[in-house]
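Please look through the sequence and the structure shown below, and keep both in view while reading the report that follows.

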Amino acid sequence: MKESKGTPKSQSNRRSFLKNGMLAAGVATVGGGLLTKASALGRDQQEGSLTPGDAAILQLLLAAEIIETDLWQQYNELGGVAAPANSSYVAALQKLDGDMPQYISDNTDDEMSHVAFLRAYLKSKGQQPVNLDHFRTLPSSKVTGIKQIGRLTNLMQLSVDTTWWTRYRSKENPDLGGSFPQAVPSLAQGQHPAIPTSDGDLGDANTNHIQAIANTAGFHFGFIEQAGTSLYATLSQRVSSPEVLRITISIGGSEIMHFQVWHDKAGNAVPLTDGSLTFVDLTQNQPESLQANLIMPEPCDFIKGMPECAIIRPTGAGQLDAVGAINGFFADGLFTGQQDPTFKELLLELANAADQAQREL
């Protein structure tokens, strides 16, 4: 994931953006309640209410979970336990692990539960949860039987950053300036489907192609969940309320469990070449930076002057913080085809607000 540090906008710019009529009424209401800190700070805090910073963090995390749920639902429709058992896509996924359909369905259920919980919790604290339904305009896969409904995410034109793979095998830490090569260089170039786009991708004549699609999905699963792993850890450092901290570290722990599963499965990608896309055999004769069964985080520098330590990384500002995570999703191609510019503006407004949150003791 390409990491970037956002430049916070002024409160007046935020208010004018959210009141300019470009957003759906529900989203504008959320923006007005979440991002205008001045009015919130001017009110007496009621017992049990959220600080503006905690509200901003939870709204951003809810938006991220809504995005994750949308993409995992698409993977589940085509590769989960309810997908056609004779699907060549399911068979290709099972070459990475025989239990892939179950894992995909379970990951989908988990993300849906995160969305439902965060929505309910925000409402319980008098906050209107962010709503992204206005932006569900991207097309579905044309595979027979798939619902033709508007999606938030596009899994058919991805450029997957695989530096997370080499990062966790390195003794370097991105928070201290470390940089990492791509594990699958061709996957980070061009646009590649992670789900079959039509019935034509499923034919016997395209066996190599459907396996390349499944391999791409395997690495994309890990890419998505490593972002959540770092995001929750980073934003937890800014939380004020002990209860909100309990929420972020608990849901964040679930994201870590997801990442560990997909980290293990991505290494089983079948070696092949499909057009410009090449996967090598990561299970045989690879250096430590690529070795498939090295899925535990390598100890690295963490706190200057202290011994190396096995940790989640990055967890520092300007890396996979809120703005970095959102920009990484865009660089991934998740929203290719989204024509409404206010979608990116809204997500970055939410991300900037979360990154500006400060722990109030």
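## Helix 10 and what covers it

Within helix 10, the buried residues are Ala322, Val323, Gly324, Ala325, Ile326, Gly328 and Phe329, so that seven of the 10 residues in this helix, which runs over residues 322-331, are buried and the helix is mostly covered. The model is a predicted one, and in it the cover over these buried residues includes helix 4, helix 8 and helix 11. After helix 10 comes Gly333, which has a positive phi, near 90 degrees.

## Helix 11

Leu347, leaving aside residues up to four places away in sequence, touches Leu60, Ala63, Ile67, Leu132, Ile326, Phe330 and Phe335.

## The largest nonpolar core

The largest nonpolar core has 84 residues, and those that touch the most other members are Leu60, Tyr75, Tyr89, Leu132, Phe219, Leu334 and Leu347. Helix 4, which spans residues 52-79, gives the most to this core, with 14 residues. In soluble globular proteins, nonpolar side chains tend to be buried together.

## Aromatic pairs

The structure holds 17 aromatic pairs. One of them is formed by Trp165 and Phe219, whose rings are tilted, with 5.6 Å from centre to centre and 55 degrees between the planes. This pair links distant parts of the chain, since Trp165 lies in helix 7 and Phe219 in helix 8, 54 residues apart. Trp165 is buried, with a relative accessible area of 0%, and Phe219 is buried with a relative accessible area of 0% as well.

Ring pairs also link Trp164, Trp165, Tyr168, Phe219, Phe259 and Phe279 into a cluster. The ring of Trp165 has the charged end of Arg169 sitting over it, 3.6 Å from the ring centre.

The mean pLDDT of the protein chain is 89, and 87% of its residues reach 70 or more. Over residues 1-46, however, the pLDDT is below 50, although this stretch has 93 contacts in the model beyond near neighbours in sequence. Where pLDDT is low, the predicted coordinates should not be read in detail.

Notes
Residues numbered from 1 in each chain as written. Predicted model: local features only at pLDDT ≥ 70, side-chain atom pairs only at ≥ 80, totals over all residues. Heavy atoms only, no water. pLDDT = per-residue confidence, 0-100. Contact = heavy atoms within 4.5 Å. Core = buried A, V, L, I, M, F, W, Y, C linked by side-chain atoms within 4.5 Å. Buried < 20%, exposed > 50% of the residue type's maximum accessible area, 1.4 Å probe, protein only. Helix = DSSP H or I, 4+ residues; strand = E, 2+ residues; numbered from the N terminus. Phe/Tyr/Trp six-rings, centres within 6.5 Å; stacked < 30°, edge-to-face > 60°. Lys NZ or Arg CZ within 6 Å of the ring centre and 35° of its normal.
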